[in-house]
Structures are given as C-alpha cells and as structure tokens.
Amino acid sequence: MSDAEFPQSTEPTVQDDFEPVSVFEDGEMDLRPGADNCYKCSVCDTTCPVAEVDDDFPGPKFQGPEQWRLKRKDDVEVDDSIMSCSNCMRCDDACPSGVPLSQMHNTARGEYVDEQMSKLSREYVRNRILANYGTLARLGSKVPRLTNLVMGNSLVQRLNEKLLGITAERDFPAFATRTFREWWRERGGPQVQSEDKRVAYFHGCYSNYNTPEVGKAMVRVFEEFGYEVVVPRQRCSGTPMFANGMLDDAERAASVNVSELSDLLEEGYDVIASCTSCSMSLRQEYPELFQLSGIEEVAANTYESLEYLRIHEDLDGALADAAVDEQAFAYHAPCHARNQGLDRQAVELFREVDGVEMEDVGDSCSGISGTYGWKEEKYETSMKIGEDMFEHMHDAAGEVGMTECPTCSMQMEHGTGYEIKHPLQLLEEALC
C-alpha cells in the first residue's frame, strides 16, 4: 500500500520537553535600538572634543557600542572613563548609522553612579551639587548680593576647590538682583492675548537666576509678533543631571516639566526655549531615557526660540528694514545647537542687518560642557578644548561674543574677557 493512500499526518508534533531560550538572562529586555548598527568606522571618535585633547580617554565608540557588547557577554562593570565624557553629544550627529551613542552614554553613566560610585565620596557630593544647580540657585537668589559677595571671594573659591573639587579658576556666575520669574510676576504676566499664537516659555535655570535679560528679550520679541506667552511652573531641564549620571534626579525634574507642558499643549501652546541645551533635553533625552505620559508630545512640540520664529514668521522680512548701532560679534554655535541643526541660524539671520557684523568662529567645542569645566580635574581639559574657539574669537573683528548656550557664554567670557550676548538680545534691539 502506497503512502498516497495513507498520507502522513500534517498535525505538528508535540514536544513535551520544549524549553524556551532565555535571550535576556535577567528577564528584562534591553530596548536600546541601534546598538549593533555600529560598524566601527570611528567617525564618532574623530569628532569627540575630549578624545582630541586627552589621549587616555577611549572615546565615544568604546563608551557606547563596544562597552555595551562587553556587558552583554560578561559580568563586567562600567568603565570609569564614562565620567570623562562631557555629554556634548557631537557623536550622535557624526554617526552615519544612527547609533544612539549619547543615550548609551547617559545610561552607562547612570549605572556607574548608581552601582559603582561611593555616595560618600567627594566626587559624588560635588557632582550632585553641580547637577542640581537649580536648587543652589533658588537658595542663592534669595539674597543675591550676599551670595555674589561670598561666592566671589577668592578664599571661598579656594575652599570650594579643596573641599569639593570645584575649580577656583572660574568666577562663580553672579545672581541677578531680580529673577526672570519675579520680573514676570511684577509685570502682570502676558501682555498679549491670542487664541492662535501661543507659546509656553521654558526659561531654564540660568535665564531665570543669572541672565533674566535673555528671558525678557524673548518675551518682548514674541509679543512683538503677536504671541501670547505663558511661563509655566518648571524645574531644571535635566541636562546637568544627565551629564553627571543623576538619572533619578533628572526623571523627577522631567516628570514635573512634562506634566506642566502637556497641559499647555492641550490648550494650543507650543513649547519654546532660549537655551539650546534645554530644548535638546526636552526633545531628545527625555523620550530616550524616560517613560512618562505625554513625553513624546512634549518632545515633538518643543522648539528653540529663534527656530520657532523662523518657521512661523517672516523674520528675514521683519529684519530687512531694521538697523542697530554699529557692532561686531564673534558667534559660537553650541554643540547642542549643532545637534539640532541650528548652528548657522544666528549668522544667517543677522548678516544682512544694517549695523551688524557677525562672524562664525568655527565648529570647535567651547569645552566647558555645562558642569564639566567646573570640576577641578577637568578644568585644564576644558580649556584645551576651548583653545581653538578662543583664538578664533580673538581673530574675529568683534570683541563681543554671541551664543545661545549659557555655559558656552561662561567659557567664552572666561577665555577672552569679552562681553557675551544671546541672539535674542540683538533681535530685541532690532525689532522692539
């Protein structure tokens, strides 16, 4: 009898001893996408400003995908060199394969701080203080003149260096005698009401406590274009916390910011920031690192302030007939502006304005990278990184610097002695 008359059964064979393969041994799936897309071209290493001046720093390729592969196979600890990454995020922009390098660095840094750094060490205490600058600033701004007097004292600076490892080479940023939020309350909030043109201003810590003139310029410029501006309750964007591996602190701050901004999105507001690190944090680092309700919507509706005006208004047309007093600027694009594709916008915007000479001082990193250049052991490295920028500023015609990043402005002033302005201040001068 042939098989055709008695066909074999098509029912699947049941195997009683089947055991699924455990891919992730700890039972927790790692969702960092793109980690294996790295094909070791090393472009990220060639664009890393720390690796350029520090031969001992292994670079972003090792900190990211290589270290990740090592940890997948063996029970190895995070290499302590992760704390020498400045979080400039230039490697993200350079990678041709879309490997999420800065996300991997932030995650590894958080793991290192949580599991390998002593919570009683001077480094941890110092980093925690620097990462939570907003808390320090909130206290200091209560008595700004006294705080400025104390923090500007050279003996206090040397004591800070000896006890905490905060370099005495830099002058502590002065607190304003009236914060931006105090000014905002005293003026009575928004002066323009609009159903169609609404923005929520994320001012960040530095514009609130140290340079309220930047926030005031932002408000006046946007109101000149007919926008209703609101200033929601907010905490630090989290940028200094990411850079120091304080991810729990950053998530607590993000949860407040996302909640407040999500409510405003539902009322038709977009989110704008005057600091490119703040906009970078809300746009990229929040959704990469945290799972919070509304986080994707906040990221998708956050803009840098000049970028927002260039998208929605005829800014070039508005500036066509504008004129300001003769002045020349040495412009530096922050790394976090470059990562958002915004590195040329100030130069493009002001180059045709009567009275303005604007010179881009090149694509080098300033070197300070937020809290990085405030650490005693990183100070010399940060100054080596900034050397190209200092030289180009000195070679430029202007003796006033311009940038969108508050800590880049500290480094520019520290390295050259120049006064530093934000593009919004020049825009205010031209239009308001």
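In helix α12, the residues Pro212, Val214, Gly215, Lys216, Ala217, Met218, Val219, Val221, Phe222 and Glu223 are buried, buried meaning under 20% relative accessible area, exposed over 50% and partly exposed in between, with a 1.4 Å probe and protein chains only. Because 10 of the 13 residues of α12 are buried, this helix is largely enclosed by the rest of the structure. Helices (H or I, at least four residues) and strands (E, at least two) are DSSP runs, numbered from the N terminus. The end C-alpha atoms of α12 (residues 212-224) are 18 Å apart, in agreement with the 18 Å that its 13 residues should span at 1.5 Å a residue, where the expected span is 1.5 Å times one less than the number of residues. After α12 comes Gly226, with a positive phi near 90 degrees.

The model is a predicted one, in which local features need pLDDT of at least 70 and side-chain atom pairs count only at pLDDT 80 or more, whereas totals for chains, interfaces and linings use all residues. Residues are numbered from 1 along each chain as its sequence is written, and side-chain values use heavy atoms, with hydrogens and water left out.

The secondary structure of the protein comprises 23 helices and eight strands, and its C-alpha atoms fill a box of roughly 105 × 55 × 40 Å along the principal axes. Of the 432 residues in the protein, 55% are buried. Where contacts (heavy atoms within 4.5 Å) join residues at least 6 apart in sequence, 76% of them link residues at least 24 apart.

Helix α21 (residues 379-395) has 17 residues and extends 24 Å from its first C-alpha to its last, close to the 24 Å expected at 1.5 Å a residue. A bend of about 45 degrees is found in α21 at Gly386, the bend being the angle between axes fitted to the seven residues ending at a residue and the seven starting there. Gly386 is itself one of the buried residues of α21, which also include Tyr379, Ile385, Met389, Phe390 and Met393. The buried residues of α21 pack against α2 (49-53), β5 (323-331), β7 (400-402), α22 (406-416) and β8 (419-421).

According to an automatic or database domain assignment, the protein is divided into domain 1 (31-116), domain 2 (122-164), domain 3 (180-311) and domain 4 (319-431). The C-alpha centres of domain 2 and domain 4 lie 26 Å apart, and five residues of domain 2 are in contact with five residues of domain 4. The area buried between domain 2 and domain 4 is about 450 Å², with carbon and sulfur atoms giving 49% of it; buried area is the accessible area (1.4 Å probe) that two parts lose on being put together, summed over both. On the domain 2 side, Arg126, Leu130 and Glu161 lose the most area to domain 4, together 76% of what that side buries. Two salt bridges are found across the interface of domain 2 and domain 4, a salt bridge being a side-chain nitrogen of Lys or Arg within 4 Å of a carboxyl oxygen of Asp or Glu. Arg126 forms a salt bridge with Glu377, their closest N and O atoms being 2.8 Å apart.

Positive phi values also occur in residues other than glycine. Ser42, in the segment before α1 (43-46), has a phi near 70 degrees and is partly exposed, with a relative accessible area of 21%. Met89, in the loop between α3 (60-73) and α4 (90-94), has a positive phi of about 70 degrees but is buried, with a relative accessible area of 2%.
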